[in-house]
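Here is a short briefing on two pieces of one protein model. Look at the structure first, then work through the points below.

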Amino acid sequence: MDVAFIIGPAGSGKSMLTSALAYYLDQRRIFYATLNLDPAVEDPSLHYNPTIDARDWVKTSEIMKKFKLGPNGAIIASCDILAAHADKIKKAISELRADILIVDTPGQLEVFAFRPSGYEIFRTINEIEGTRSLILFLIDPFLCKSGLNAILSVLLLSSSIFWRFQLPVIDVVTKRDLLPSEELDKILYFLENPSAIFDELKEFPVRDIALEWEAMVAEFEEIFARKEIIAVSSETGEGIADLFAKMQEVWSKSGGVET
Ligand SMILES: Nc1nc2c(ncn2[C@@H]2O[C@H](COP(=O)(O)OP(=O)(O)O)[C@@H](O)[C@H]2O)c(=O)[nH]1
Ligand SMILES: [Mg+2]
């Protein structure tokens, strides 16, 4: 089974991309399944009907009431509860025998990426025999618009996701239908050429550290630059075929993860 974990900051378009990929695979009669791992999502904003749904085991709204928690505490608690059901999620996935599994992760990236419960679910899914996994790291162009330093921080977040999961990462710029093409091209240019960010940013509030980073990015541009980035719109479907072709290429090259 080929698995794609969709990871990205809140609102970057994970659920919508899951839906767009599901539509694409459906049209091509490919045997796929979707897994919603977000216990907090409320239905109208899910955009698709998941094959397997975390909310069958835990719902954040109920955890808020039951334990009198605020939204953040309830999201963390519900993901911890979900992790206790990781084996059931694994069993449900195994029984499907789908060729492709698209995994939509919780709204808040840090819950899945950085807390032990998210990692436990990730690890358990990867125990399924014959699994080849990759990560789609979503880059919301609206986060990049707030400044070139923001683009740099997004690049580093993508690297951080690589180190957390140690799987191939495909970087995907979302919502391309919402940006004029010159703005999108500019964002893609800096994502592909991070050294150019330092050429543009002449004034650094913390100059000595910024200059050290400049030297490091220049030296290791190959690591920081996102050369094979793909821009998609989950609204219009633009770029989805290119993305799926890239996913197939990465799956075919990868032999699965050590668990
Ligand atoms: N126009 C447009 N809106 C998008 C696209 N992707 C996501 N959105 C919108 O962005 C918001 C957040 O998307 P969602 O998939 O729920 O983000 P998530 O928190 O990462 O799962 C929603 O209002 C979506 O409708 C896109 O490609 N085009
Ligand atoms: Mg979502």
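Start with a term: two strands pair if DSSP finds at least two bridges between them. The model is a predicted one.

**Strand β1: its partners**
- β1 and strand β4 (residues 100-104) pair in the parallel sense. Five bridges link β1 and β4.
- Within β4, V103 is the bridge partner of F5.
- β1 also runs parallel to strand β5 (residues 132-139), and six bridges join these two.
- D2 has its bridge partner in β5, namely R132.

- A residue counts as buried if 20 or more other C-beta atoms lie within 10 Å of its own.
- Six of the six residues of β1 (residues 2-7) are buried, so the strand is largely enclosed by the rest of the structure.
- Both faces are covered. D2, A4 and I6 are buried on one side, and V3, F5 and I7 are buried on the other.

**Helix α9: its length**
- α9 (residues 181-192) has twelve residues.
- From first C-alpha to last, α9 reaches 16 Å, close to the 16 Å expected at 1.5 Å a residue.

- Which residues of α9 are buried? They are I187, L188, F190 and L191.

Technical notes: Residues numbered from 1 in each chain as written. Chains lettered and ligands numbered in written order. Predicted model: local features only at pLDDT ≥ 70, side-chain atom pairs only at ≥ 80, totals over all residues. Buried ≥ 20, exposed ≤ 12 C-beta atoms within 10 Å, placed from the backbone. Helix = DSSP H or I, 4+ residues; strand = E, 2+ residues; numbered from the N terminus. Expected span 1.5 Å × (residues − 1).
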